[in-house]
Amino acid sequence: APHQWHARRQPPLRVAMAAAEQEQFYALLGNLLSPDNAVRKQAEETYETIPGPSKITYLLQAIRNNATPEEARQMAAVLLRRLLSSAFEEVYPALSPEDQTSVKSELLLFIQIEVQSTMRKKICDIVAELARNLLDEEGNNQWPEVLKFLFDSVSSQDVGLREAALHIFWNFPGIFGNQQQHYLEVIKRMLVQCMQDQEHPSIKTLSARAAAAFVLANELNAPLLKHFADLLPGILQALNDSCYQNDDSVLKSLVEIADSVPKYLRPHLEATLQLTLKLCADTSLSNMQRQLALEVIVALSETAAAMLRKHTNIIAQAIPQMLAMMVDLEEDEDWANADELADDDFDSNAVAGESALDRMACGLGGKLVLPMIKEHIMQMLQNPDWKYRHAGLMALSAIGEGCHQQMEGILNEIVNFVLLFLQDPHPRVRYAACNAIGQMATDFAPGFQKKFHEKVIGALLQTMEDQGSQRVQAHAAAALINFTEDCTKLVLEQVVTSIASVADTVEEKFVPYYDLFMPSLKHIVENAVQKELRLLRGKTIECISLIGLAVGKEKFMQDASDVMQLLLKTQTDFSDLEDDDPQISYMISAWARMCKILGKEFQQYLPVVMGPLMKTASIKPEVALLDTQDMENMSDDDGWEFVSIGDQQSFGIKTAGLEEKATACQMLVCYAKELKEGFVEYTEQVVKLMVPLLKFYFHDDILLKNYTSMPLLLECARVRGPEYLTQMWHFMCDALIKAIGTEPESDVLSEIMHSFAKCIEVMGDGCLNSEHFEELGGILKEKLEEHFKNQELRQVKRQDEDYDEQVEESLQDEDDSDVYILTKVSDILHSIFSSYKEKVLPWFERLLPLIVNLICPHRPWPDRQWGLCIFDDIVEHCSPGSFKYAEYFLQPMLESVCDNSPEVRQAAAYGVGVMAQFGGEGYRPFCPEALPLLVRVIQSADAKAKENVNATENCISAIGKIMKFKPDCINVEEVLPHWLSWLPLHEDKEEAIHTFNYLCDLLESNNPIVLGPNNSNLPRILGIIADGEIHEAIKHEDPCTKRLANVVRQVQTSGGLWTECISQLNADQQAAIQELLNAA
């Protein structure tokens, strides 16, 4: 049985310990280092049972004892540091004050007597960790001796001690706490002195790293950064020297500065860039060092683009460096026939150069990058050496996103040029050409597909098809499968994927090819059952479902039941599939497409489909909290990704399975949307899965799909009756409100807000209790305040010395995303006003000053537009109570009718319309005041221009509403002929319905002004109705359609008049009238 460790009440650190116990502990340390997993696991379990204070005692004794094997001593040092890092509060305060003092003095003593440098570093790490934990909240260092030790050691004659002091300071640059300002000059002098140490390279390197760490720790302290700016030349000198001694630690520190504190580099930016460029170009250095040097420039293009753009000479030299790296490819005889697409060597120069180019183009913008790179790429593509042609095509793929705008204009030439390389003699160049086409199809979608589909599809099909005989093709597919041993299934996988993407792109145009491909594809699914063909089979299943979606239900129905049977068969064998089987995610997506194709008929398959889907959607990712130093031992290729939290810890998540989880969530949304009440059986378990996932920070797609699902699931649950629906809503509501308050990503946040607004529309009055309102009010107030604060911050950035037009572009992007959040605030308020009506106004008053602020004349037009929209909603849904706020919004609303911005005009005109329709008596006097303003907009010269037409139509509709609902406050007879001359509306469908309904009122009451003397206006009226039908201004299911058709039929009964009316309509109008009559 493992030895039972017991805690002594006061472990006397200096008294010799029971020898047997210490011996056992040494054996335990040995076992912790054992290569045998079982032995190591047992040792770890035993180690965990030792009480914390005893651990400190044993570990210190192991470090102190020089007779302990070196490996075990180092292990003890690492364990002690980890213990202090992860469990300080549990273990250290449990020691007696004497023992605490003893631990501190022993550690400092160990550093002074330790002869082995690796061990000394590890002890320094323990000291830094302990000092970090002994800094209290006010910044007092509870271990003053450690500061004295630093000062003494840094000026010591002993190089080892100088190294130790610098190592501790590098590890914990905040060690001076609230004394930092007091010691600032001393710290600076100490670093400068050490950086000038020509005799000891290690001191020079360590002091440069320590200086960099100090800068990083004080990144927000601008005066300090300025004061330490003159240390940068020393850091650069140390960086240069250390690189040639095969040490890239200072270079890594510079990358961190470029990433987090780029402004620190400004005073010596030219020197920094020249040095990193020189290192990047030096082929005598290792690939890693060259890539890190390049990373400094690339990081700056992302974190300080405006500052870097001033150094065009450097950028112009960096680009050929990246291209040169991309040419650094190995000849590989087996590449063309390799069975698996091996992942490109991720630390190769070629991949690093490509990634750098991509990021730099995105960071600096195409305006600067494209002219610099264009000539280089053209020359490379004409080079007889395949590596240059390959690199040129890959470079073209890489810059597409960043140079989007600039490349769009010359896309035609680029595409024609790239397509030539699909016939290149070298397979890897052909591969790169396919890659470039694929990448451009993504970067320039959907225009790329529309413009170039014939050229591109033709060329790609030619790269993969022989249309000599269908039978031969079907047979070839079968033969290829049996042939797998000698031929590459990779080709087949690529072909299947290509067919799928072609079908997905050309949609119904794929019908003629359908019979050519479908038999072979079904054959593959039936026969590709061996384990190594799983991926091929999965891709084929995906391909079939994509083709089905592309050609539509009618064409696909001939194969639908076969395909469903194949899918069901695979599904029932699902229990035998391993969790990581690639077919699972393809199956899940294929089911969802089948659901789209089959619609309601799909419901019968749900019992089979939902099991694996819920299983995949419930995947729990592995997560871990690690010390930064431990994290460095874990490589990324184990599928872990890390986010650092604080300076010493990182949060890791194993990303395997997350993509599948996202797909599964997306499918659940799809089923809820397509099947509606047919999905009701599953709503409860899906809600229980989805709501906890609203806190799922690791994958934006999963979050987005879950939020989208909420209103859809409520719609599904409706059929179960109000009680079931309310229970489900209670389960969601708190989580949604909380998420609106805490979600940091604006894309996700806007989706949550949209989803929440939709849910309130589904649930209606009474769905929020007073706590919900309280919390929501606070959050919306915060969002609006943040909106104004962000605008101010952008104004400050516009005053910055690096401000240029590209900075303005990114500020505009920020602005757009802020405005988008504002539109969602408006959505939420709209759903609340329309559900709760007047009784919600007292709650709204806490937001009133902020909404009034939005419509101030000096605010940007989107603010005024959305502020007015919110007041429009209040008038429409909360009248007559809304009138008490009229003093805040009425005048701005009337003044905005003639605003320069069409969006603002539209919001104001809509407001006037709802005032007339819903506003009540209080608003009556303002209708005549609004009339001439509305007319002025309608009669302006460019009223019907594309950007103005919606605002103009809202003005026409508003006048119609004033005549209909407040006829006694204007001269209807005078206005009516003008109003008729402005009809019909066809852009704003909702307002078009209002105007047609009012027109029907007038016609049904035989209004003489509308009909004209002897019905002379009727041809014009029929023309208006016909044009409305042509522009699809009236949906056929709307009751208004029936009313209009009845008007037409009335005219039909009076023979001569009908003939006269029809003769004045053109052919399109006559056809439209017929269509209207058929529809109603």
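What is shown is a predicted model, in which local features need pLDDT of at least 70 and side-chain atom pairs count only at pLDDT 80 or more, while totals for chains, interfaces and linings use all residues. Residues are numbered from 1 along each chain as its sequence is written, and side-chain values use heavy atoms, with hydrogens and water left out.

Begin by selecting the protein chain and colouring it by secondary structure, which comes to 53 helices and three strands (DSSP runs, H or I of at least four residues for helices and E of at least two for strands, numbered from the N terminus). Of its 1080 residues, 53% count as buried, a term that means under 20% relative accessible area, with exposed over 50% and partly exposed in between (1.4 Å probe, protein chains only).

Next, select Asp-197, which lies in the loop that runs between α9 (180-195) and α10 (201-217). With a relative accessible area of 13%, Asp-197 is buried. If you show its neighbours, leaving aside those within four places in sequence, you will find Asp-197 in contact (heavy atoms within 4.5 Å) with Arg-162, Ile-203 and Lys-204.

Finally, select Cys-124 and then Cys-878: Cys-124 counts as buried at 1% relative accessibility, and Cys-878 counts as buried at 0%. While cysteines are on display, note that the structure holds zero disulfides, a disulfide being a pair of cysteine sulfur atoms within 2.5 Å.
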